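Subject: Structure handover

Hello,

Here is the structure you will be working with, followed by notes on what was found in it. Please read the notes with the model open.

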Protein chains: 2
Amino acid sequence: MERDRDSRHHVVIVGAGFGGLQAAKALGKADTVRVTVVDRYNHHLFQPLLYQVATAVLNPADISAPIRSVLHSRNTEVLLAEAKSVDARRKVLVVEGGEIPYDSLVLATGATHSYFKHPEWAQVAPGLKTLEDAVRIRERVLTAFEAAERESDPVRQRQWMTFVIIGAGPTGVELAGALSYMTRHALPKDFRRIDTREARVILLEGLPRVLNAYPEELSEAAKKDLEALHVEVRTGAMVTGIDEEGVTFGDEHIATRTVLWGAGVAASPLVRSLEVPLDRAGRVKVSPQLTAPGLNDVYVIGDVAAVEQNGKPVPGIAPAAMQMGRHVAKTIRDRLQQKPLSPFRYHDKGSFAVIGRGYAVGLLFDKWSMKGLPAWLVWAGVHVAYLIGFRNRASVMLNWAYTFFTKGGRDMRLITGKVATRLPALAPSAQGPVLPPSARPELPASQPAPVH
Amino acid sequence: MERDRDSRHHVVIVGAGFGGLQAAKALGKADTVRVTVVDRYNHHLFQPLLYQVATAVLNPADISAPIRSVLHSRNTEVLLAEAKSVDARRKVLVVEGGEIPYDSLVLATGATHSYFKHPEWAQVAPGLKTLEDAVRIRERVLTAFEAAERESDPVRQRQWMTFVIIGAGPTGVELAGALSYMTRHALPKDFRRIDTREARVILLEGLPRVLNAYPEELSEAAKKDLEALHVEVRTGAMVTGIDEEGVTFGDEHIATRTVLWGAGVAASPLVRSLEVPLDRAGRVKVSPQLTAPGLNDVYVIGDVAAVEQNGKPVPGIAPAAMQMGRHVAKTIRDRLQQKPLSPFRYHDKGSFAVIGRGYAVGLLFDKWSMKGLPAWLVWAGVHVAYLIGFRNRASVMLNWAYTFFTKGGRDMRLITGKVATRLPALAPSAQGPVLPPSARPELPASQPAPVH
């Protein structure tokens, strides 16, 4: 039995995102292979809805599922570990605290933020890739309103109530739309001293239009919809500076305490250890079988793979990664059965970007443009369908339905930790009587005595 | 208008737990007062269910609600700030970054863990008071199983799979029962190398019986139910040492990597600045009007107040705090109207401790003992009723129902952060082939070449 087991072909999959999970699932029934899935997190993340965690519509658990509970096949093991490098010569994956020998390796480690040549921006302008990122952004945004409520200096109050999102790709657009919606619908009733509807949400994009990967008419529609949601859209705005006090682009400076990053992504650095040619974004230019050049046993899929089809890059979206995962599983099985191999073909079923509640733009089957409510309905339907298989879909739908009918998402507005220390000093006028300073007694002891 | 407003009696409430929230709500309609609620967290926490967040049955958002969304009265302000001290002479509450003058002050800051004379235990044996605590405990428990799965040394594996809970009051009993249930029902399917049902859950209590505040027959029933859930109950066990490697009591030492603290609570330290007599647990011995001795404008309620009635202490539970909150609101209104004041009377409607799914013990109206399923049904009904008014009750009930019918709570098993660095080094045998070492090829490169 033990011998039998060990003679099986060992497939090691790094990363349990959309691509890695599909590969593992598709290999889960093959009895000639055993599978080890390595991830540094214990959960698979439904990344397309991450911006809704960041804007307090959904809970972290709504969009994540423990990898162990998703992969229950007998031939599959899950290992919580951070992959450090690949030693392709020895056919070993090096993880923190050990090494894992493989027969076939599938690298599906995804993308990370790229701050181009400004790593120092990472501290002030968090991006949105992990649950931790989403929770951090949520807490920053909520804390900014708490600070504005405390702040007595109108200039600084304005600064706290200004939010800048850099990059108008799908993530930036979705964040900007949801954030603006939140300031106008979910929050106003909560504050006494500020009107959250006066918050500015500014979306900066270096290119001439938003959602650059989409046809121009959709970019136009998206811009109009964003503006209807009170998002200030500034295209052709190349950011040259970001710090705690604001953002600089061209000759302009916006005073803000909250900058969010949706601009650059780069492939996860693990693939560098393969020592094969990478493109500018750090991705591996893979073969038609999705293997790394010269390494027939190393498959690279999802956001770490650069795949071209009909002269266009295959987009870095979940459906593409899933298709690659399934294709790699098929290739591994075909090889073991010495069948002929087929090249990977991407089937573009569509891609959508949500702008706000009931607004989206998208391309169906890479040809039909959609916008407004019809696009949003397709988007929502597709996402609910994808969530099937995850137990949390009931809860997601409940939260969505609640948000839709009440403008709310109220109880997601959770700051888990203490935030007081990040807030501005309390202005004397902020909590004391609101009399003009001259009329206000110097010492509270001289106030009118309470009636007993 | 501004003048009108400032002539109102200013009630400052510190702490938006059960007591503070009730006081604020009861004062919310009085037009002769204005209310400021100060809390260092932005959410009210439904603490009685916190152990279910720690044991991955509920989400943090299921048992918390933003204070701002709970308190919507026009006369009420919410301030996110950490209270530092009270200057009773100047009638000022000192918070981080400022001061807040008050006419009446309500201190409802609750309790914190007490490690008696061993503050160094706080690091190794986390207690359960805040959402951060609950999430930390959940992650520690889940990570312990991940570590056991990786560990090849059976002694250390055993250590990872041993859980010690110190203190068999309601929190300790509830944690132990839920943890044991989780190891036997929610987790087993997830792991390949360990059988989570072999985990030991040990409950240590220094006193001669569990749930010491309850009648003896209920302690007996609780102990039997815990043992039926495979919890090892050790009473009369005074802990003398806790470190990263285990727990010492009497002549015994239990090797464990996970110790949870349910033993001591102490009043929050803010009341010390009042410079009035405190009891051994640091609580203020209040007057019949729940004021601090000699300070008629400073009310102390909930877990920071020591109240005796019929020679027995009023218990530190949510209903008692809520009754005190409402009584203080009434006293403040009565004083403003120069009505006679009535002393506080605690109405004991009952108290319950849950042992596991369908098991509880409790005392109804301080006289009728209940145990087993009937007690659990009363407990569940009361808690669902209390949650009314919180939007999350639908979600809580959904999660409960799911857990009840599927033995699950599966998708709450979320470790938000990366945990890999806390795990043991990967044993060579843990992920490689499971052949005996002598039969295993030294270098993976010499393994049978994969078929292409």
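Two strands are said to pair if DSSP finds at least two bridges between them. Note also that this is a predicted model.

**Sheet β25-β26-β27 in chain A**

In chain A, three strands make an open sheet with the order β25-β26-β27, and their pairing is antiparallel. The edges are taken by β25 (350-356) and β27 (368-371) of chain A; each has a single partner strand, so one side of each has no neighbour in the sheet. From one strand to the next, the twist averages 10 degrees. Strand β26 (residues 359-364) of chain A is joined to β27(A) by four bridges, and the two run antiparallel. Within that pairing, A:M370 in β27(A) is the residue opposite A:G362.

**Chain A overall**

Chain A contains 13 helices and 27 strands. It has 452 residues, of which 59% count as buried. If you take the contacts in chain A between residues at least 6 apart in sequence, 64% of them join residues at least 24 apart.

From the UniProt record, an unreviewed entry, comes the annotation "domain: FAD/NAD(P)-binding", which covers residues 10-325 of chain A. Over residues 10-325, chain A is 28% helix and 30% strand. The end C-alpha atoms of that stretch are 16 Å apart.

**Strand β21 and its partners**

Strand β21 (residues 295-300) of chain A has five of its six residues buried, so the rest of the structure largely encloses it. One partner is strand β9 (residues 104-107) of chain A, which runs parallel to β21(A) and is joined to it by three bridges. In this pairing A:V106 has A:Y299 of β21(A) as its bridge partner.

Another partner is strand β20 (residues 291-292) of chain A, which pairs with β21(A) over two bridges in the antiparallel sense. Here A:L295 in β21(A) is the residue opposite A:A292. The hairpin of β20(A) and β21(A) has two residues between the strands, and A:G294 in this hairpin has a positive phi near 80 degrees.

**Helix α6**

Helix α6 (residues 131-150) of chain A has 20 residues, which at 1.5 Å a residue should span 28 Å. The C-alpha atoms at its ends are 29 Å apart, in agreement with that figure. Of the 20 residues of α6(A), 16 are buried, so this helix is largely enclosed by the rest of the structure.

Most residues other than glycine have a negative phi. A:E275 is another, with phi near 55 degrees.

A:A56 sits in the loop between α3 (50-54) and β4 (64-66) of chain A. Its relative accessibility is 2%, so A:A56 counts as buried, the cut-off being under 20%. A:E275 is in the loop between β18 (264-267) and β19 (284-285) of chain A. With a relative accessibility of 74%, A:E275 counts as exposed, for which the cut-off is over 50%.

**Chain B**

An open sheet in chain B is formed by three strands in the order β14-β15-β16, with antiparallel pairing. Its edge strands are β14 (239-243) and β16 (252-255) of chain B, each of which pairs on one side only. On average, neighbouring strands of this sheet are turned by 15 degrees against each other, direction ignored. Four bridges connect β14(B) with strand β15 (residues 246-249) of chain B in the antiparallel sense. B:F249 in β15(B) is found opposite B:V239.

Where is B:Q47? It is in the loop between β3 (43-45) and α3 (50-54) of chain B. B:Q47 has a relative accessible area of 34% and is therefore partly exposed. Leaving out residues up to four places away in sequence, B:Q47 touches B:F18 and B:K129. B:Q47 and B:G381 are 334 residues apart along the chain, and their C-alpha atoms are separated by 16 Å.

Regards

Terms used
Residues numbered from 1 in each chain as written. Chains lettered and ligands numbered in written order. Predicted model: local features only at pLDDT ≥ 70, side-chain atom pairs only at ≥ 80, totals over all residues. Heavy atoms only, no water. Buried < 20%, exposed > 50% of the residue type's maximum accessible area, 1.4 Å probe, protein only. Axes fitted to C-alpha atoms, helices over the stretch in contact; angles between N-to-C directions. Expected span 1.5 Å × (residues − 1). UniProt positions renumbered as here; feature names shortened; annotations may be inferred. Contact = heavy atoms within 4.5 Å.
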